[in-house]
Amino acid sequence: MPASDGDPAARVAHGLEGVVAFESAVAFIDGHAPELTVRGYDIADLARGLCYEQMAYLLLFGRVPTAAELAALRSELAGLRALPGPVMDLLASAPQAAHPMAVLRTAVSMLGVLDPAAEERSGDGLIPAAKGLIARLPTIVAAQVRLGEGLDPVPPRGPEAGHAENYLHMVSGREPSGPMARAFDAALVLYAEHETNASTFACRVVVGTLSDYYSAIVAGIGAIKGPLHGGAIDDAMRLLIDIGRPERAAGYVDEALAARRRLPGFGHRVYRAGDPRASELREMALKMARALDDSTWFDIAAAAERRMAQTKGIIPNVDYYAAPVLYQLGFPLRLMTNVVASARVAGWSAHISEQYAGNRLIRPRALYVGERGRRLDAAD
Ligand code: SDX
């Protein structure tokens, strides 16, 4: 087959598997170790040691904030949590049948339209917009939860409530317990950044044309919505609900594999020996089960994980145990991907800033497999 530019050696890397597209100092993944570090710190240390505001600061500025810098960031983010009227109107008027990620995507577009500095195109210039989305996506997602349940949105609290605590309060209207707020904080940290995943790559492709920050984030939301990516988390929770009881897990997995169905929450393009985030979330799910004295979902998940290990040897990914954690924190299935996106916005922003700082248009080639040399004649 003729290759692009006639290069006979051109070979397609399907799904760009194994292709190294650019240099980055944001995150490092070794899929075999397995290892995930963000700005040089191990992900387990970050999940156990940082709140989400500290993780966002680390991603945007490359270092952990001092106590004074954290206090200033908390105060700044708290002041940005409220939504402009047109965005609240959009959320209230969105059809119930609309996909929650489509509504989130539209709300972010609306925030971009309302931002007079939206066309700023520089790594530092996007910081105010990034802080705005980091602060406001939780308010949007929490409002979507409330409106979906026929309830009024709960207004965001002030800087006395941290990011995770305020997020849960806007969802339930109640003060979350310390352990629940801490578990949610850790889950948000674990979801904040993951190197060149599909949605982060989408963001970089968009700003690679020198388009704007909001267009890139909208592209990221569009990509993470898919069931092969962030959209897997609600499917993973549906899987656990469908299995129903731990003793049904082995048969369920066997039947799915025999039918060559993909089980959501399992498998990864890069990790082969395990997803370090899944290990952290597995521990969190177990602790939460004990704290709530309800191990239903953990027991089902652990039984299905055992069967997958005994049969196809496919690892659980970040979504697998995050699903019962978010479910037991009170998030409905249909909003779980929205929570993932509200955490990943910090990682997307770090990559967008890095792309602007050292940009080259991202433009791969195709191996042409169509016809050539055709001639138009009167009959065509
Ligand atoms: C995320 O990239 C990132 O970093 C993403 C992410 C992030 O933080 O941004 O980590 C978040 O998106 C996690 C993945 C969430 N998606 C799912 O859980 C959906 C279910 N998983 C898959 O569809 C799949 O594992 C992918 C899409 C995640 C990865 O697919 P690949 O790399 O293209 O793997 P493949 O399709 O080539 O499969 C290799 C083999 C196949 O078996 P054979 O046909 O060779 O016999 O593994 C099998 C697949 O059938 N397989 C599965 C499976 N995933 C792969 N079999 C059953 N269930 C699964 N989930």
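In this predicted model, the side chains of His194 and Tyr271 are joined by a polar contact of 2.8 Å, a polar contact being a pair of N or O atoms within 3.5 Å of which, within protein, one must be able to donate a hydrogen and the other to accept it, with residues adjacent in sequence counted only if both atoms are side-chain atoms. Local features need pLDDT of at least 70 and side-chain atom pairs count only at pLDDT 80 or more, whereas totals for chains, interfaces and linings use all residues. Residues are numbered from 1 along each chain as its sequence is written, and side-chain values use heavy atoms, with hydrogens and water left out.

His194 sits in the loop between H8 and helix H9 (198-207), where helices (H or I, at least four residues) are DSSP runs numbered from the N terminus. Because its relative accessibility is 4%, His194 counts as buried, that is, under 20% relative accessible area with a 1.4 Å probe and protein chains only. Leaving aside residues up to four places away in sequence, His194 touches Ile29, Leu36, His268, Tyr271, Arg277 and Arg344, contact meaning heavy atoms within 4.5 Å.

His194 also belongs to the surroundings of the ligand, since 24 residues surround the ligand and the closest are His194, Arg262, His268, Arg269 and Arg277; a residue is counted here if one of its heavy atoms lies within 4 Å of the molecule.

| Residue | Protein atom | Distance to a ligand oxygen atom |
|---|---|---|
| Gly265 | polar backbone atom | 2.9 Å |
| Arg277 | N or O atom in the side chain | 2.6 Å |
| Lys312 | polar side-chain atom | 3.3 Å |

Helix H2 (residues 52-61) is largely enclosed by the rest of the structure, because nine of its ten residues are buried. Among the buried residues of H2 are Tyr52, Glu53, Gln54 and Leu60. Just after H2, Gly62 takes a positive phi of about 85°.

The second largest pocket has a volume of about 340 Å³, a pocket being an open set of points on a 1 Å grid over the protein atoms alone, where a 1.4 Å probe fits, with protein on both sides within 12 Å along at least five of seven lines, and lining residues having an atom within 4 Å of a point. Of its 13 lining residues, Arg182, Ala183, Ala186, Met284 and Lys287 are the closest to the centre. Helix H1 (43-49), helix H8 (178-191) and helix H13 (276-292) each give two or more residues to this lining, and H13 provides the largest share, six residues.

Note on methods:
Grid points are joined across faces, edges and corners, and a volume is the space filled by probe spheres set on the points. Buried means under 20% relative accessible area, exposed over 50%, partly exposed in between (1.4 Å probe, protein chains only).
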